[in-house]
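Take a look at the structure below.

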Amino acid sequence: MSEEAVLSEIISAVKNFDVDAAVAAAKKSLEIGMDPIKVIEEGIAKALRDVGDMFERGELFLVHLAAAAEAAMQAIKVLEPELIARKLERKVVGKVVIGTVEGDIHSIGKNLVATLLTANGFEVYNLGEDVPVEKFIQKAKEVKADVIAASALLTATREVQKDLAEAIRKEGLDVLYIVGGAAVTPEWAEEIGALYAADAGSAVKLLTEKLSKRGD
Amino acid sequence: MEVSVQFERKLKPLEILSRDDLYNIHASTLEILEKMGAKVYSDQALSILEEAGADVDRKERVARIPQHLVEEALKKHRRVVRLCGRNPKYDVSLDGRHVTCATDGTGLWAYDLDTGERRPSTKEDVAKSALIVDALEGVGAYYPLVTSLDCPVHAHVVHEYEAAVNNTEKHFISGDTYLVEEARFLIRMASTVVGGLDELRRRPIISAVACMMSPLILPPDQTDAALEFAKHGIPIVAMTMPLVGSTGPITVAGSTLIGNAQILALNTVIQLKYPGAPVIYSSYTLSMDPKTGAFSVAFPEATMVMAGHIQLARYYEMPNFAGGTISSSKVPDEQAAYEKALCGLMSMLAGGDVCGTIGLLENYTVLSYEQLVIDYEMYTMMLKMIEGIEVNDETLALDAIYQVGWEGNFLANKHTLRHVEESWVPIVADASSYETWKSKGAKTVVERAKEKVKEILRTHKPAPLDEDIRNELNEIVAEGEKKIPKKAAKAVAH
């Protein structure tokens, strides 16, 4: 099987939201000795961008986006050991520490952001839910994060986003701080000195744009 | 969710009237028709009834109809009535199991899409509203919402049909064909479109309303027009419009009874002359505001009479066309929204076969393009509801529940992917966050509906008629202007 055939198989698997087919195609790519970076960048990421565009145009539902992202993630997991073995590093757009703030256990939106970021070339450290401020800070220092992303669904818990903003300033961390979640408004983000994205797609766009400017 | 011109009802209709209630109303109807009789202004109808054995008083024009004639007629009408489109993919089968949606009217005013002004309706309004109906997947029939007041008014029927048939491939219901002459012209036009009268009988692409008068009158011209349509196998929408407390009794049961008597009287005349004729049971009851005497289609008493009529129609195994998204509000406002939602849902839950009145305000008299799209959206919501709840292994999603477990979510689950296309999706309703809504211009539903209407008018292209058919129709319209009696104009402002 040619590389092109494997790439087109993996693209159609992601676009058909088919986890099993995506995993199978990823395995096949390794069997024929393909460069896993190429599989990710020219296959998986490309397919996901197309799905993202269709979602934005209203041609696909949210569950399609989530399912495509899931297929992409599972395929990437298959490729990861080979990346490590070959001592290859994906060209990482940026390192993101993400979590839902302390007192809040809502995960869906945050996980969707994490998945889409991963699929779009970010290295993502998902701390889960009910994450204390110190844990965000500690992890960001540890991995030398470029971005801290904090989600809050409840008006009561969004106050923690403000605490986190203060902690970032106090620690003097050189990171982009982005907030999201149902309780968050652009005004709130501005008030606490954070970036804001209304949904997963715009979070990916905004961070990609900001980080590319940073790199210049 | 896939919506087409007909949709299968799975939810059992509400039983508003018990079996005993239905029997009681039916028996009372038979008694009225036999004892008091109906006033019959059509000579032809009087003769038909007299020949069949009714007790006819020619001087009073009253026909006292023996019970057995009414009962026998109820055995003859077509059980399944087809509303065919000029494109067969839009055929609707009214069989008690499927529902569809239709516009109705026929109003005299329209809110101008560009200026927002409430102005007399025009032929272009007929054309534009037909085009929108053609684009809205779930609407199964076009009934001119308004008439073409910019054309010679006595010839409005032929002008309405010309504007409609050029802009929609769906079934056409004529609302105000009051004279035999109008009926003949309309039949000629429809047979030109399908290629002859035999083909029209086989595939009736038009149907026509025959509106009775309350309390108990079969009017002259409408009854004769109905017989003319029946002769050609064209479905008759037998319509009753009692005004609860004025031309009908003030009680819901009483107005239900009087409306039922009108429809059974007309059905008897039609079935005596043309056994097996397709008849649709139609109720457009109105309520009176007891304080002012003003009337409204959307007061709960009127809605309940219509619900009763819907159930009676089902009892007689006759397709029904009643109620729908009705309102007496002047503008597409909150009153329009709650009246339309509550009354529309009630008629659908009661077992309505055709959800009508999308796009009209002020009791069937004013077209609002925006309201047309909003009401259509309400109809699609009702469709989702009358699907009921399907319960089986697949819908219970046990496998998915075990796969997802205590935490996580169903977003990317295969079960979700299998069923997500069944989801109801809004057309104009907005579920986004305040921020997103604000950033998109903080538009009301009416503003969003206006955008949708403009998009449809810009992009939707129904298949055109052949040029020679178009020309022939145009000639018939010109001839109609000359030959249809001027008195047809009188009926327009009924």
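T357(B) is buried: 30 other C-beta atoms lie within 10 Å. This is a predicted model. T357(B) sits in the loop between β20 (354-355) and β21 (360-361) of chain B. Its phi is positive, near 70°, although T357(B) is not a glycine. Most residues other than glycine have a negative phi, and most peptide bonds are trans.

A397(B) is another residue, not a glycine, with a positive phi, here near 60°. A397(B) lies in the loop between α13 (393-396) and α14 (398-404) of chain B. Is A397(B) buried or partly exposed? A397(B) counts as partly exposed, because 17 C-beta neighbours lie inside 10 Å and a buried residue needs 20 or more.

Chain B also has cis peptide bonds. One joins G105(B) and T106(B), with omega about -5°. T106(B) belongs to the loop between β7 (98-102) and β8 (109-111) of chain B. Another cis bond joins S214(B) and P215(B), with omega about 0°. P215(B) is in the loop between β12 (206-211) and β13 of chain B.

Helix α2 of chain B spans residues 43-52, and its buried residues are A45(B), L46(B), I48(B) and L49(B). Viewed down the axis of α2(B), these buried residues fall within an arc of 160°, so they line one face of the helix. The elements covering them include β2 (38-40), β3 (55-57), β4 (62-64), β13 (217-218), α8 (220-231) and α9 (252-273) of chain B. After α2(B) comes G53(B), with a positive phi near 115°.

Now for helix pairs. Two packed helices are described by the angle between their axes and the distance between the axes.

| Helix pair | Axes come within | Crossing angle |
|---|---|---|
| α12 (369-386) and α17 (445-459) of chain B | 8 Å | roughly 100° |
| α6 (180-194) and α18 (467-483) of chain B | 10 Å | roughly 170° |

α12(B) and α17(B) are therefore roughly perpendicular to each other. In α12(B), the contact uses Y369(B), E370(B), V373(B) and I374(B). Their partners in α17(B) include V445(B), A449(B) and K452(B). The residues of this contact between α12(B) and α17(B) divide into seven nonpolar, no polar and three charged.

α6(B) and α18(B) are therefore roughly antiparallel to each other. The α6(B) side includes F185(B), R188(B) and M189(B), while the α18(B) side includes I469(B), E472(B) and L473(B). This contact of α6(B) with α18(B) has six nonpolar, two polar and four charged residues.

Step back to the domains. Chain B is assigned domain 1 (7-13 + 75-387 + 470-493), domain 2 (19-74) and domain 3 (394-422). The C-alpha centres of domain 1 and domain 3 of chain B are 43 Å apart.

Chain A is assigned domain 1 (3-85) and domain 2 (95-215). The centres of these two domains of chain A, taken over C-alpha atoms, are separated by 25 Å. Ten residues of domain 1 of chain A and eight residues of domain 2 of chain A make the contact. Which helix gives the most to the side of domain 1 of chain A that touches domain 2 of chain A? It is α3(A), with six residues. That side of domain 1 of chain A has eight nonpolar residues, one polar and one charged.

Last, the two chains meet. Their contact takes eleven residues from chain A and nine residues from chain B. On the side of chain A that touches chain B, α4(A) gives the most, with five residues. This side of chain A divides into nine nonpolar, one polar and one charged residue.

Definitions and conventions
Residues numbered from 1 in each chain as written. Chains lettered and ligands numbered in written order. Predicted model: local features only at pLDDT ≥ 70, side-chain atom pairs only at ≥ 80, totals over all residues. Buried ≥ 20, exposed ≤ 12 C-beta atoms within 10 Å, placed from the backbone. Helix = DSSP H or I, 4+ residues; strand = E, 2+ residues; numbered from the N terminus. Arc of directions from axis to C-beta. Contact = placed C-beta atoms within 7 Å. Domains from an automatic or database assignment. Nonpolar A, V, L, I, M, F, W, Y, C, P; charged D, E, K, R; others polar. Axes fitted to C-alpha atoms, helices over the stretch in contact; angles between N-to-C directions. Parallel < 35°, antiparallel > 145°, perpendicular 65-115°, else oblique.
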